[in-house]
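Work through these exercises with the model open. Each task is followed by its solution.

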Amino acid sequence: MAGRADASSGECESSPRLTLEAVFREERGLLLAALVRRFGDLDLAEEVTSEAIEAALVHWPAEGVPPKPGAWLMTTARRKAVDRLRRDQAYAARLAVLQVEAERAAPAPPSDGALPDERLQLFFTCAHPALPAEDRAALTLRCLAGLTTPEVARAFLVPSATMGKRIVRAKNRIRTLRIPFRVPDAEELPGRLPGVLQVGYSIFTEGYAASSGPDLQRLDLAEEAIRLARILRRLLPGEREVAGLLALMLLIHARRDARTGPDGDLVLLDDQDRGRWDRAMIEEGTALAEIALTGGPPGWYGVQAAIAALHDEAADVASTDWPQIVALYDVLRGLAPSPVVELNRAVAVAMRDGPEAGLVLLEGLSAEPRLREYSPFPAARGDLLSRLGRLAEAAAAYREALELAGTEPERAHLRGRLGKVEREER
């Protein structure tokens, strides 16, 4: 297969700057996808992938990162899988039956339009209609996109424990129903597309705004999501929502260099140097957004791309077309209501009509359980309360946001905001 389908083909120059974390992040998804296709069992693939990485942590610090880390990991993982199957003959026999069933059920390879990336193939496989929609996306994000359970939980605004149970449930259902890990045929692809788009969007979101860690952004994840979206665009050129998702990613990713300062600190949209935005990426994203919004009713990703395009084409925050952005959020509310859409709409209303109008809308969302552990919600309240001169309340909101923030750049930014209102209050 074309592209980066085989984890064993991954190459990486050995370099002092090359961290083990970067290698594992790059190779894990490739490795797991290849192992699932080889053995047909997700649990086995996860176990030997983890064991291969643990072995690398023992050998590589002393011996150095090999020239082909993906090949090293794949060889190690395959050996461990074979050892496991030799020890457990009953397990091996069950896998053999599943593999025969999968081969019988598999359609003939299409002459064209094949999925050119092994992970993307498995994204479609895990989007099986026998699994509930949220379970499909959660399983794919955790197992194939390499996000941690807390990162997946953040994408769905649920507690980590709830997400852990959801992922286990999805695995058990695959095992119970004996769902084969195979590439769906061409007729199945459109029906599974929404789940795949959701996965790509969630991967990009984690890359754009990491849920935890020392960095605000995980550019590797964002760029991987864009790469997979480009493959989808080539595969399904007539699907407007594919164009919409790729447009949205490009229009947001175009701002990546301006979102952080020299020390990695958070720079808000108001303060970003728009000269550092990637204009070629913005032009490409804008053209795709127009395609996504032409020829039929607007889709969720296309509308979000239109909002991103309005931000990108404005000279500054003050000249942004806030009335049009509010109108587009109204369209989103009709397409797929969510508390995050309501939060973003409230912020846009505040920019259009003033902080009091936005704060009224935010107060109406205060009982929404999915926003209780979502740091942007109290941070937005703090900003609006600060603009209204309600400094004590603003400080309390910033403290709440500070407790919920996952990355150090976010926490540093919120500490700065909190300190400012505390000084003004005195």
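Axes are lines fitted to C-alpha atoms, for helices over the stretch in contact, and angles run from 0 to 180 degrees between N-to-C directions. This is a predicted model: local features need pLDDT of at least 70, side-chain atom pairs count only at pLDDT 80 or more, and totals for chains, interfaces and linings use all residues. Residues are numbered from 1 along each chain as its sequence is written, and side-chain values use heavy atoms, without hydrogens and water.

**Exercise 1.** Find how α18 and α19 pack.

Step 1. The angle is about 160 degrees, and the axes lie 9 Å apart. Helices here are DSSP runs (H or I, at least four residues), numbered from the N terminus.

Step 2. Angles over 145 degrees count as roughly antiparallel, so α18 and α19 are roughly antiparallel to each other.

Step 3. Contact means heavy atoms within 4.5 Å. Residues making the contact include Leu391, Tyr398 and Leu402 of α18, and Leu414, Leu418 and Val421 of α19.

Step 4. The contact residues divide into 10 nonpolar, no polar and seven charged.

**Exercise 2.** Which residues of α19 are buried, and what do they pack against?

Step 1. Buried means under 20% relative accessible area (1.4 Å probe, protein chains only).

Step 2. The buried residues are Pro409, Glu410, His413, Leu414, Leu418, Gly419 and Val421.

Step 3. These buried residues of α19 pack against α17 and α18.

Methods:
Helix = DSSP H or I, 4+ residues; strand = E, 2+ residues; numbered from the N terminus. Parallel < 35°, antiparallel > 145°, perpendicular 65-115°, else oblique. Nonpolar A, V, L, I, M, F, W, Y, C, P; charged D, E, K, R; others polar. Buried < 20%, exposed > 50% of the residue type's maximum accessible area, 1.4 Å probe, protein only.
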